[in-house]
Amino acid sequence: MSGRTLAPAAGAFSAISSSWNLVTGFFEWFGDLALFCWRVARATVTPPFEFRELFRQLDEVGSKSLPLVALAGGAIGVVLSLETRYSLTRFGAKSLLPAAIVFSVIHEIGPIITGLVVSGRVGAGIGAELASMKVTEQIDAIEASAVNPYKLLAATRILACTLMLPLLTLAADLCGLVMGWVALTLVEPISFHQFISNGFKGAGFNDFLPPTFKTAVFGVIIGLIACFQGMRTRGGAEGVGRAATSSVVLSSLFVILADVVLVKVIIIFFP
Amino acid sequence: MTTTDQLATKHQAAGEDGSAAAVAVEDLQKSFGSQKVLNGITLTVNRGETLAVLGRSGTGKSVLLKLIVGLQKPDSGSVRIHGRDIAGLSLDRLGEIRKKMGFLFQHAALYDSLTVEQNVAFPLEHHRKELSKSDRHHRVKELLAQVGMEGNLAKMPSDLSGGMQKRVGLARALALEPDILLLDEPTAGLDPISSGEIDDLVLQLQEQYRMASIVVTHDLHSAKTIADRLALLHKGNVAIEGTFDDLQNSDVECVKDFLRNS
């Protein structure tokens with residue numbers, strides 16, 4: 001009898017306890033992230049600067065992501081061209097097709113695709129690399145050599161992501177537009193010059209610069225989350241795997257959430 | 001022989017002015033969650049002296065080294081390097097102290113994306129910027145020659161055996177000519193011949209540089225060979241500290257147990 005009454009109480013206690021752990025874990029994660037941001041920010045602005053490592057990371061993040069970003073941008077350009085043509089033809093607005101493609105690509109598709117592709121490739125790479133260094137005590141060895149790991153490892157990678165994302169976005173935009181035009185011209189021949197002049201008719205710098213430079217924020221997010229998850233890893237190979245996965249998942253999620261906020265901010269400040 | 005009760009008084013006397021001891025650890029406590037690893041450790045090491053810290057696995061020997069170099073923070077107690085308390089120092093100030101310390105990690109912790117030469121050159125590149133590229137190369141070759149690895153400059157750490165990795169780790173630890181050398185299990189996982197070679201190497205470097213050294217090990221033979229004094233950790237405390245003979249003549253049960261099973 002008493003056993004029957006105790007069982008639900010124990011279950012409820014266990015549920016409350018695990019919920020409590022989840023809540024404290026959530027706040028602990030954000031607290032640790034804030035502390036990490038502070039250390040990285042301080043390391044970034046304090047000399048000496050790690051220029052050689054920064055250039056290595058610019059190559060790692062930029063040049064090596066370029067083919068993937070260009071391919072993704074091009075593929076999205078083709079899909080967008082085919083889908084938009086179909087929709088606009090149905091509504092009798094086919095003449096707006098170049099503008100629809102150009103605006104879609106430079107306003108949203110190019111930046112977000114670049115953000116997601118880089119968070120997949122670079123986020124996983126940074127997360128796994130730093131996690132592996134952490135579990136094999138290489139980060140401790142850097143610190144024991146009187147070198148600040150937040151400066152050498154984190155600041156350089158975050159800066160590289162921040163600087164490279166807008167440039168990669170330009171590449172994705174360009175490939176998207178070229179491939180969008182190719183897909184269109186195969187069905188209905190139109191010169192590239194005409195496609196671009198129709199597409200950019202009425203467009204100003206406000207249509208082009210803010211969406212491109214908002215990807216610098218995506219870069220900060222990807223670099224920060226991947227470095228944070230990598231450098232706080234515990235455990236062996238399993239920990240490395242967990243860090244790589246969580247780097248990709250969290251950075252992609254935060255990139256999408258940041259995009260929601262940034263789109264609204266851009267609409268307000270660059271109408 | 002010095003028992004646990006006598007240690008605090010002895011170390012207090014030795015470290016009172018803070019100048020004599022290269023490393024002075026006082027009443028150091030460290031827990032991980034509910035597990036108490038160090039429960040009031042007090043130790044001092046002077047310049048030119050080698051202290052071997054012995055103990056079973058999980059007694060906090062490696063944690064003690066990481067606390068000394070500031071990689072972990074103690075719950076209470078103090079770590080003084082050349083009389084200066086490292087608690088609360090900024091990363092930059094701590095860095096200045098760390099430049100005077102060389103640390104050989106248990107698994108060498110070589111940077112796996114760098115060659116042997118780049119690994120040893122790493123501290124020089126960051127802290128001896130006045131050295132030209134050729135001077136740095138020359139210094140790296142010299143350091144690697146000291147540990148018998150001069151022919152392996154271009155190799156990657158993954159191409160080296162455990163013993164070779166430890167030699168390279170030792171060369172890297174010596175790169176900045178430290179006053180204090182911390183060795184975490186230098187002979188762990190090595191065959192008896194390689195262990196003997198590492199012991200000889202540590203002795204030779206000791207004679208050459210006259211550093212204060214702390215060697216964490218559970219290899220009694222190695223400790224006997226390279227250390228002037230030995231300290232045995234048991235349940236988070238220093239069970240005994242003294243010479244090898246002091247340990248052998250001890251009546252303390254955990255010391256007798258350790259010697260019997262070593």
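This is a predicted model: local features need pLDDT of at least 70, side-chain atom pairs count only at pLDDT 80 or more; totals for chains, interfaces and linings use all residues.
Lys235(B) is partly exposed, having 13 other C-beta atoms within 10 Å. Ala108(B), in the loop between strand 7 (101-104) and helix 4 (116-127) of chain B, likewise is not a glycine and has a positive phi, of about 70 degrees, but Ala108(B) counts as buried because it has 26 C-beta neighbours inside 10 Å.

Staying with chain B, how do helix 6 and helix 7 pack? Their axes are 10 Å apart, at an angle of about 15 degrees, and the two helices are therefore roughly parallel to each other. The crossing is right-handed, and on the helix 6 side Gly163(B), Lys166(B), Leu170(B) and Leu174(B) meet Ser194(B), Ile198(B), Leu201(B) and Leu205(B) of helix 7. By class, that contact has five nonpolar, two polar and one charged residues.

Turning to chain A, helix 9 (residues 215-231) reaches 24 Å from its first C-alpha to its last, and since 15 of its 17 residues are buried, helix 9 of chain A is largely enclosed by the rest of the structure. Elsewhere in chain A, a cis peptide bond, with omega about 0 degrees, joins Pro47(A) and Pro48(A), and Pro48(A) lies in the loop between helix 1 (2-45) and helix 2 (51-63).

How values were computed:
Residues are numbered from 1 along each chain as its sequence is written. Chains are lettered from A and ligands numbered from 1 in the order in which they are written. Helices (H or I, at least four residues) and strands (E, at least two) are DSSP runs, numbered from the N terminus. The expected span of a helix is 1.5 Å times one less than its number of residues. A residue is buried if 20 or more other C-beta atoms lie within 10 Å of its own, exposed if 12 or fewer, and partly exposed in between; C-beta atoms are placed from the backbone. Axes are lines fitted to C-alpha atoms, for helices over the stretch in contact, and angles run from 0 to 180 degrees between N-to-C directions. Angles under 35 degrees count as roughly parallel, over 145 as roughly antiparallel, 65 to 115 as roughly perpendicular and the rest as oblique. A crossing is left-handed if the near helix is turned anticlockwise from the far one by less than a right angle, and right-handed if clockwise. Two residues are in contact if their C-beta atoms, placed from the backbone, lie within 7 Å. Ala, Val, Leu, Ile, Met, Phe, Trp, Tyr, Cys and Pro count as nonpolar, Asp, Glu, Lys and Arg as charged, and the others, Gly among them, as polar.
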